[in-house]
Amino acid sequence: MKILIDESLPRDLKKHFPGHSVATVPECGWASKSNGALLAVAAADFDAFLTADQNLEHQQNLANYDIGIIVLVARSNRIADLLPLIPRAIATILAIRPGVVVRVA
């Protein structure tokens, strides 16, 4: 699976998805894009978008985008708080469908 990690998450998070092709929004040169524009370009190259933005689904009609969205819900965006969510996030990524939002807490 090809996974895109939002700029709201630590870049080092990408090391924790073995067997997947993972990139960050800044690595792709998309750091300044609005959420809608970001999802539109990401859908062309990625299967899943990993974010901590809990308002994303209220700001965009995510069913319009051909990419699955996983929202990590943790105490903070620090790597130590996110690592316990990774096993469930990986399982979710393997099953997610385009246009679907799944919260992993």
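1. Arg-103 is partly exposed at 34% relative accessibility (buried is under 20% relative accessible area, exposed over 50%, partly exposed in between; 1.4 Å probe, protein chains only). Glu-57 forms a salt bridge with Arg-103, with the closest N and O atoms 2.9 Å apart (a side-chain nitrogen of Lys or Arg within 4 Å of a carboxyl oxygen of Asp or Glu). This pair links distant parts of the chain: Glu-57 is in helix α3 (residues 56-59) and Arg-103 in strand β5 (residues 101-104), 46 residues apart. Helices (H or I, at least four residues) and strands (E, at least two) are DSSP runs, numbered from the N terminus.

2. The model is predicted: local features need pLDDT of at least 70, side-chain atom pairs count only at pLDDT 80 or more, and totals for chains, interfaces and linings use all residues. Residues are numbered from 1 along each chain as its sequence is written, and side-chain values use heavy atoms, without hydrogens and water.

3. The salt-bridge count is three. Lys-14 pairs with Glu-27, closest N and O atoms 2.8 Å apart. Lys-14 lies in the loop between β1 (2-5) and β2 (21-24) and Glu-27 in helix α1, so the bridge ties together parts 13 residues apart in sequence.

4. Arg-75 bridges to Asp-81 at 3.1 Å between the closest N and O atoms. Arg-75 is exposed at 73%; Asp-81 is buried at 14%.

5. One aromatic pair is found in the whole structure.

Terms used
Rings of Phe, Tyr and Trp (its six-membered ring) pair if their centres lie within 6.5 Å; planes under 30 degrees apart count as stacked, over 60 as edge-to-face and the rest as tilted.
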